[in-house]
Amino acid sequence: MADVVEEALQGSWNQDLAEALDSGSSDMEMEKGIIQEPSAQHKVKMWKIALNVSGKGDSLSPWDGVLDLPEQTLIHNRSRQLIDQLEVSEEERSDMVSDVESVITFYCKSRNITFTPELSWPHLLKPLLGLQLPRSDLYNCFYAIMNKYIPRDCVPNGRPFHLYRLLLQYHEPELCSFLDTKKITPDSYAISWMGSLFSSHCLPDVTQVLWDSYLPQSDPFFIFFLMLIILVNAKESILTQEGDSKEDIIKMLEASPSLLESEDIEDLFSLAQYYQSKTPLSLRKMNQNLFGSSLVALKEEDTDLSQALCLPVSVPEILQANQQQQDGVRFFVVDCRPAEQYNAGHLSTAFHLDSDLMLQNPSEFALSVKSLLEAQKQSLESGSIASGEHLCFMGSGREEEDMYMNMVLAHFLQKNKEYVSIAKGGFMALQQHLVDMNVEGLDSSYVHWIVSTSGSHSSLSSADGDSLSSPGDGKGVKSLVNKMTFALKSKSVNVKEKMISFIENTSTPVDRHVSSSDRVGKPYRGVKPVFSIGDEEEYDTDEIDSSSMSDDDRKEIVNIQTWMNKPDVKHHILCNEVKETGHMFPR
């Protein structure tokens, strides 16, 4: 009785599915929700709808069917090898070999491709052959997969693998660092994964189950996250192979997908979707031309990701992400420009970390990094608009000025800090984006983006000069700033006390150079703490404002002659001060 009921339910489900597929709807939501494995007939309809080849004619009809390529023997042998991996009868074998050889030959002729033994895309035919498709449908499905899901430049040292490494570094910096140390690049183990959608190593029935979930999503970038989960699951095993040779590790990595079983696919996709939700959208938006028609050439400036220090994120995504709810990627922006540039204008939600300190004053830099991480933690707890689990570093956008910022980035990556990215184009890109948006008067919600340390909005006002910001703007920022200000203000007092003690104790020689962080002379007076984001009224203006002090008062605090008379100063040279205008004045 139970068997009869189960059979009736299965028949009802198959009928509903058949009716939905026969309707020819392009909406794949129904297929995405299917939890039962469809029959072969329904699977064919599902895949053809997902690949948009339903009702397509015979693409092979213009071809004369002549198998005369110079590599024809190689193609024939490869076709036989593919069929050998399938469980088919001798009667079906010869027809399948003929179909595979014809599809590969016509594809190579029409695309002007030279067939070589290392190509992985012929494996795509294995799961398709299991559906017993006519030759015309076999080619149409194969061509659609190649065109939509196999990325351009899927070759050794190709751009997709540099992008995959950046994704791995973003989520698993420790694992990425281990592989980098072993000089194991993604293309050395994953080129067949990406070039065959895992069909090169997974059993045909496992690949079919995987494609049942993959094709209806219609997202070619999802392969990157599936590949990521393959490595994440093998992380412990990989890290224990410290003493193994590079070749052995590559061999183990390459074979990892072969361990997948049909029952693992659901968990594989769930994890991949989670990691996808924790990844900036810029990964796909900046690399859309990886997929699709080969007639769309890669832009010259976008082709080289091999030199990227970490994952780049677009300025528009940074601005939009922190306006959203807590779901999704949110950025804690770290402005690494010099203090004078930051003070002149900065993103209102950005934390300032002067990258120059890394070389000029390492101890001060370490303290600043500690303050940064604490501020990030507090912002997340308070739920402020500036909060974000993902660190995004912003430079000036000029390569020569951002060298120190790159060192700071390398420092965080060396510490295996996850979710580290860089704002593409830096602060210049931010300014240009706001100009392109015509932010002045267009949308008051964006007026607070750029501020100076005086609290003014950098030229972001309405035509009549009135401020466009609303009274409620930046409440979350102020909550964060109040906490940061208190901590950094206390630190500033401690530094001042240590400096006074140092100046008074002139008998003790100090073997170090004068640092830019030392408060010596006029250039550093009147400059507010460089870690400020806003709420400048919280600072003690009497302490940092020197406009009412005379030159003699300053010399009583710090006199350059005191430094010149120290016993450890061997020689001194008179210098000129270079103003921002480029003019020099004697000092």
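Q: Quick check first: what does buried mean here, in relative accessible area?
A: Buried means under 20% relative accessible area. Note that this is a predicted model.

Q: OK. Lys 43 and Asp 212: buried or exposed?
A: Lys 43 is buried, and Asp 212 is too.

Q: What do Lys 43 and Asp 212 form?
A: A salt bridge, with 2.6 Å between the closest N and O atoms. Lys 43 sits in helix H3 and Asp 212 in helix H11, so the bridge ties together parts 169 residues apart in sequence.

Q: How many salt bridges does the structure hold?
A: 12.

Q: Which residue does Lys 235 meet in a salt bridge?
A: Glu 174, at 3.7 Å from N to O. This pair also links distant parts of the chain: Lys 235 is in helix H13, Glu 174 in helix H9, 61 residues apart. Glu 174 is partly exposed, at 39% relative accessible area.

Q: And Glu 401, what's its partner?
A: Arg 398, with 3.3 Å from N to O. Glu 401 is partly exposed at 34%, and Arg 398 is partly exposed at 33%.

Q: New topic. Where is Pro 257?
A: In the loop between H14 and H15.

Q: Why does Pro 257 count as buried?
A: Because its relative accessibility is 1%, and the cut-off for buried is under 20%.

Q: What does Pro 257 touch, beyond sequence neighbours?
A: Trp 193, Phe 198, His 201, Cys 202 and Ile 230.

Q: Which residues make up the negative patch on the surface?
A: Glu 261, Glu 263, Asp 264, Glu 266 and Asp 267. Asp 264 is in the loop between H14 and H15, and is partly exposed at 31% relative accessibility.

How values were computed:
Residues are numbered from 1 along each chain as its sequence is written. This is a predicted model: local features need pLDDT of at least 70, side-chain atom pairs count only at pLDDT 80 or more; totals for chains, interfaces and linings use all residues. Side-chain values use heavy atoms; hydrogens and water are left out. Patches are made of residues with over 30% relative accessible area and no salt bridge: like charges are joined within 9 Å, nonpolar side chains (Val, Leu, Ile, Met, Phe, Trp, Tyr) within 5 Å. Accessible areas come from the Shrake-Rupley method with a 1.4 Å probe; for residues, only the protein chains shown count as cover. A salt bridge is a side-chain nitrogen of Lys or Arg within 4 Å of a carboxyl oxygen of Asp or Glu. Lys and Arg count as positive and Asp and Glu as negative; His and the chain ends are not counted. The place of a charge is taken as NZ of Lys, CZ of Arg, CG of Asp or CD of Glu. Helices (H or I, at least four residues) and strands (E, at least two) are DSSP runs, numbered from the N terminus. Buried means under 20% relative accessible area, exposed over 50%, partly exposed in between (1.4 Å probe, protein chains only). Contact means heavy atoms within 4.5 Å. Lists of a residue's contacts leave out its neighbours within four places in sequence.
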